[in-house]
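Here is my note on the model you sent. Please read it with the structure open.

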Amino acid sequence: MNIRTANDIKEFNAALDKCTSSVWLMGPNDEVYNMKNEDEYIEGMIKLTEGHDDQLGIFTTSYEDEMTMMHYFEQKAA
């Protein structure tokens with residue numbers, strides 16, 4: 001997941017906005033950020049844009065949100 005430009009952030013935010021439940025960004029050393037919480041979102045985005053993206057994963061709490069984020073990642077990979 002490469003989030004490097006303002007457009008990347010905009011697309012990621014659009015996917016997050018479609019999600020109705022919590023979306024978690026998790027990393028090594030027990031790092032957990034609720035991307036639907038404003039304060040944690042900022043910390044999580046800092047981690048993503050600093051280049052730690054290969055160590056981070058996105059997890060959702062509902063099947064519908066999982067499909068939304070999966071669709072976002074499929075578009076990014078294409």
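Predicted model: local features only at pLDDT ≥ 70, side-chain atom pairs only at ≥ 80, totals over all residues.

1. Salt bridges overall. How many salt bridges are there? The count comes to three. Two of the pairs involve Lys76, with Asp8 and with Glu11. Glu31 and Lys47 make another.

2. Lys76 and Asp8. The closest N and O atoms of this pair are 2.9 Å apart. Lys76 sits in helix H3 (residues 63–77) and Asp8 in helix H1 (residues 6–18), so the bridge ties together parts that are 68 residues apart in sequence. Is Asp8 buried or exposed? Asp8 is buried, because its relative accessible area is 12% and the cut-off for buried is under 20%. Lys76 has a relative accessible area of 31% and is therefore partly exposed.

3. Lys76 and Glu11. These side chains also meet in a salt bridge, at 3.9 Å from N to O. Again the pair links distant parts of the chain: Lys76 belongs to helix H3 and Glu11 to helix H1, 65 residues apart. Glu11 is partly exposed, with 34% relative accessibility. Taken together, Asp8, Glu11 and Lys76 form a network of salt bridges. Look at these three residues as a group.

4. Glu31 and Lys47. Here the closest N and O atoms are 3.3 Å apart. Glu31 is in strand E2 (residues 31–34), and Lys47 is in helix H2 (residues 38–49). The two residues are 16 apart, and the pair links distant parts of the chain. Glu31 counts as buried because its relative accessibility is 17%. Lys47 is partly exposed, at 23%.

5. The largest pocket. Its space is about 170 Å³. Which residues line it? The lining is Glu11, Ala14, Ala15, Lys18, Thr68, His71, Tyr72, Gln75 and Lys76. The largest share, five residues, comes from H3. By class, the lining has three nonpolar, three polar and three charged residues.

6. A nonpolar surface patch. Met26, Val32 and Phe59 make a patch of about 240 Å². Phe59 is placed in strand E3 (residues 57–60).

7. The loop between E1 and E2. Two residues here deserve a look at the backbone. Asn29 lies in the loop between strand E1 (23–27) and E2. Its phi is near 60°, a positive value in a residue other than glycine. Asp30 is found in that loop as well. Asp30 has a positive phi of about 60°, although it is not a glycine. Are these side chains buried or exposed? Asn29 is exposed, with a relative accessible area of 73%. Asp30 is exposed too, at 76%. The cut-off for exposed is over 50%.

Notes: Residues numbered from 1 in each chain as written. Heavy atoms only, no water. Patch = residues over 30% accessible without salt bridge, like charges linked within 9 Å, V, L, I, M, F, W, Y side chains within 5 Å. Areas by Shrake-Rupley, 256 points an atom, 1.4 Å probe, with all protein chains shown as cover. Salt bridge = Lys/Arg side-chain N within 4 Å of Asp/Glu carboxyl O. Helix = DSSP H or I, 4+ residues; strand = E, 2+ residues; numbered from the N terminus. Buried < 20%, exposed > 50% of the residue type's maximum accessible area, 1.4 Å probe, protein only. 1 Å grid on protein atoms, 1.4 Å probe; cavity = no way out; pocket = protein on both sides within 12 Å on 5 of 7 lines; lining within 4 Å. Points joined across faces, edges and corners; volume = space filled by probe spheres on them. Nonpolar A, V, L, I, M, F, W, Y, C, P; charged D, E, K, R; others polar.
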